[in-house]
Amino acid sequence: MKTLSVCAVVVTATLAGQVFAGTGAMQDAAKIAEGSGSPVVVYTAKEFITMDPANPRAEAIAVQDGRILAVGSKAEVGKVVGPDARLDKSFNGMVVMPGFVEEHVHPVLAALTMSSKVISIEDWDAIDGFSPAVREPKEYAKRLAAAIEEFRQTNNGKRKAFVTWGYHHYMHGKDLSRSYLDKLAPDFPVVVWHRSCHEVFLNSAALKLAGIDAAFVSAQGEGAQKAIDLDRGHMYEQGFFSALTKLAPLMATPEIFKEGLEFSVDYYHQNGITTASEPGGVVSKPLQELVNSVYSPAATPFNHYFVVDGKSMANSFGTEPARMLAETERVMYWGEGRTRYLPKQIKLFSDGAIFSQLMQMKDGYADGHHGEWIMEPKNFGKAFDTYWDAGYQLTIHNNGDAGFDMVLSSLEEAMKRNPRKDHRTMLSHFGFARPEQVKRWIELGGIVSSNPYYVTALAGRYGTMGMRESEMPNMVPHGDVLKWGGSLSFHSDMPMAPAKPMQLVWAAVNRVTYEGDVVGPEHKVPLDEALKAITIGAAYAIQQENRIGSLEVGKDANLTILEKSPFEVQSAELKDIRIWGTMLEGRLQPVGKTPKAASQQADAPTDVARLQNDITDKLVSVLEHSHKQEHASH
């Protein structure tokens, strides 16, 4: 047995419901370790960044039965575990943090976009490899033509159509059309999926294969007809939604979807994620079962939680509050293994998406277009009150300051009518907000989950495209949250941003756009606060802080191992720190050694026709969360 070097520290911790402090604590912890009968492993590293303010740094931790037994100096941990513990030096020379928590991703859209040919406004690691950002029309045209030609040469019949995702009219030009695509591909179907995920351009072959013609268009409602331009091969919003039943077999087959989910397993692991969550989870049992077939097996390197989509529940059962709550509770049991629904949590929606510039803004838009509501204020208020009175934690999708006014009003009224403590109503995305709104939100007990990547991707262009330069510094105003002592967490909302927690940290710390400018420096987040936002802050946001988010005795042994310390690199290098691997509940998981297709251990549902319908329904549900603005691109 290798001996542990001597260094003194006092560790205060909680284990198995008992409180330990000082010498007595170590003696009691040692007795529990001996009584368990399970092996104890001591891990040493260059440094453990614990995210525990009472013990922020450590030299070693001990793990038993998937949980943390001790944290502290080598000497202190040695006293707890005794002479029979095994010493593991796998982390020596590296820096260890609590396992990263990605509390807002969307597996369905992530699976489908990443399995397409990605040509987007930012860098992506997709199924077919790295895709660098394209932010100018000429380069996009060049990349699109090359990708279509490659598909022509290499497609082996796996796909019915060439599908690419990431086109954005502001940065890639407005020349895209049916005739443009016909010149590139006169002989096979092409689908160009917009970066916002809610509009497409099709060539003639794709329209023919999908069966979308003048007769189909004339059979649709007035709103859908206006949003379909057959001559241009362009469909958006209602037009796109109305055609999804025909387009889905080209874009989103069960096989492609499952391949995308399997890719996301490695993607999350490679970026250090040990816990993920989807607010607004799947309200389709067959589709949930397909997700479970990939994410639920024990071999999966992360736990994945879901939060029920309250918008769908309100749309179906909003006039019957008791039934709406009963149906919500029924969905809570759809998870299994490593996929679980978070009890008493729900997601609602206020205004439109930032990528489509349809958030509700108090001062409107510079080019005269207007924002949209995802849930009309009256319907939102009814759903908010129903779930609030039932004791739910509410997560609210919101991007604009006028949308925030509506959400804030609902919270204020609820607190007056039925005050609750520790309700953690979460404002999610946090595109734009005024200082007085943030102050009042925090005073009322609200918390904030932001997407700091908005600044990186959008702030450099939006000031001259639909919005005003003077508004850009206040995009994602973290400084106001910290000023008023609010709880802050980060998320990617993948595929709205890459699910790379250290990239989110980089974005929040630097606030550098793709164009190289620093926007809103007063809202830069200090590094220690940014790291909290992907660990203990994110765990707190989904009410899991007693199990994960920090390295403390009694918590799950979930770790993310970094090859460099975030505190020892330049801020510009934060996103480039390599992840060595993770630990999930005591299981060591080096990057690159995760079992591929862990889904082999679970059976996927076999009703392909029903699955195809459910994937289509889910696409409509997700895509309705963002709406196409009415501007010159149409």
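Asp125, Tyr267, Gln270, Asn271 and Lys500 lie nearest the centre of the largest pocket, which has 30 lining residues. Keep in mind as you look around that this is a predicted model. The space in this pocket comes to about 740 Å³.

Which parts of the chain build the lining? Helix H11 (254-270), helix H18, helix H20 and strand E24 (579-584) each give at least two residues to it. H11 provides the largest share, with 6 residues. By residue class, the lining looks like this:

| Class of lining residue | Number in the largest pocket |
|---|---|
| Nonpolar | 14 residues |
| Polar | 5 residues |

One of the contributors to the lining, H18, deserves a visit of its own. This helix covers residues 453-462, and it is largely enclosed by the rest of the structure because 9 of its 10 residues are buried, that is, under 20% relative accessible area. Among the buried residues are Tyr453, Tyr454, Arg461 and Tyr462. The buried residues of H18 pack against helix H5 (169-172), strand E20 (426-429) and helix H20 (501-510). H20, too, supplies at least two residues of the pocket lining.

Now step back to the whole chain. Its 634 residues are 62% buried, and the chain holds 23 helices and 25 strands. Of the contacts with a separation of 6 or more, 74% join residues 24 or more positions apart.

Terms used
Residues numbered from 1 in each chain as written. Predicted model: local features only at pLDDT ≥ 70, side-chain atom pairs only at ≥ 80, totals over all residues. Heavy atoms only, no water. Buried < 20%, exposed > 50% of the residue type's maximum accessible area, 1.4 Å probe, protein only. Helix = DSSP H or I, 4+ residues; strand = E, 2+ residues; numbered from the N terminus. Contact = heavy atoms within 4.5 Å. 1 Å grid on protein atoms, 1.4 Å probe; cavity = no way out; pocket = protein on both sides within 12 Å on 5 of 7 lines; lining within 4 Å. Points joined across faces, edges and corners; volume = space filled by probe spheres on them. Nonpolar A, V, L, I, M, F, W, Y, C, P; charged D, E, K, R; others polar.
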